[in-house]
Amino acid sequence: MTELAERLAEVRGSVKDAAAEAARDPGEITMIVVTKFHPADLVRELHDLGVRDFGESRHQEARPKVESLAEISATWHFVGQLQSKKARQVASYVDMIHSLDRSSLVKALDGTQVEVFIEVNLTDDPSRGGASPDAVLELAAQVAELPGLRLRGLMGVAPRDGQARPAFALLRRSSEQLQVVMPDASDLSMGMSGDYREAILEGATHLRIGAAITGNRPTAG
Ligand SMILES: *Cc1c(COP(=O)(O)O)cnc(C)c1O
């Protein structure tokens with residue numbers, strides 16, 4: 001087994017264990033492998049190991065990578081901060097955008113076909129990505145007006161230093177409020193390499209796992 005295959009197997013096992021701990025069906029949890037900064041060949045290796053969901057976070061890197069991998073069948077997720085002027089292009093080559101966090105982005109996506117998560121800021125720092133929890137229902141209503149967009153649910157990143165579990169609990173409560181008006185928008189994109197167990201215990205349906213599977217990222221250019 002390669003080291004990559006070993007790490008993947010280990011994370012898959014831990015996801016199963018956490019699902020069992022939460023009395024959840026692991027089949028309802030999608031594990032996205034975040035391949036940012038890694039070459040297309042790593043995506044091919046992961047695909048050979050059965051991975052079908054991949055995450056990228058920078059448009060200038062993601063577009064050529066996705067295009068060079070046209071021969072593999074995969075679901076592509078855009079998880080990084082998104083500039084409004086790049087949004088339409090990103091929507092043309094990914095299946096899901098996890099970082100919709102303001103109405104200018106919703107407007108920029110008018111006329112595109114893409115599934116979206118509203119990203120919620122789970123920290124006290126307004127400079128971090130994500131809408132304030134108070135803004136979720138308003139943004140969701142704007143998304144619902146565009147026929148090409150399908151709202152899957154909410155996405156969040158736990159604070160760097162704080163505890164992940166209470167942050168994920170906050171996102172879960174926001175999700176429950178959203179589902180009162182939009183019962184289909186029930187997905188929860190939360191949990192990264194260091195905190196996916198906590199995310200699964202709080203109901204995550206989409207994990208975004210990078211380094212725990214890929215190994216350390218080559219340093220950003
Ligand atoms: C990079 C990234 C991840 C993966 O992070 P790891 O700590 O490597 O698992 C998940 N979500 C977002 C938004 C990211 O930018």
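**Ligand contacts and a helix pair in a predicted model**

In this predicted model, a nitrogen atom of the ligand is 2.9 Å from an N or O atom in the side chain of Arg208.

Reader: Which residue has a polar backbone atom 2.8 Å from an oxygen atom of the ligand?

Author: The residues around the ligand include Arg208, Ile209, Gly210 and Ala211. An oxygen atom of the ligand is 2.7 Å from an N or O atom in the side chain of Lys36, so that contact is made by a side chain, whereas a polar contact is a pair of N or O atoms within 3.5 Å. The backbone atom at 2.8 Å from a ligand oxygen belongs to Ala211.

Reader: How many residues of the contact of helix 3 with helix 4 are nonpolar?

Author: From helix 3, His59, Ala62, Arg63 and Val66 meet Lys86, Gln89, Val90 and Tyr93 of helix 4. These residues include 2 polar and 2 charged ones, and the number of nonpolar residues is 4.

Conventions: Residues numbered from 1 in each chain as written. Predicted model: local features only at pLDDT ≥ 70, side-chain atom pairs only at ≥ 80, totals over all residues. Heavy atoms only, no water. Contact = heavy atoms within 4.5 Å. Helix = DSSP H or I, 4+ residues; strand = E, 2+ residues; numbered from the N terminus. Nonpolar A, V, L, I, M, F, W, Y, C, P; charged D, E, K, R; others polar. Near = heavy atom within 4 Å. Polar contact = N/O pair within 3.5 Å; in protein donor to acceptor, adjacent residues only side chain to side chain.
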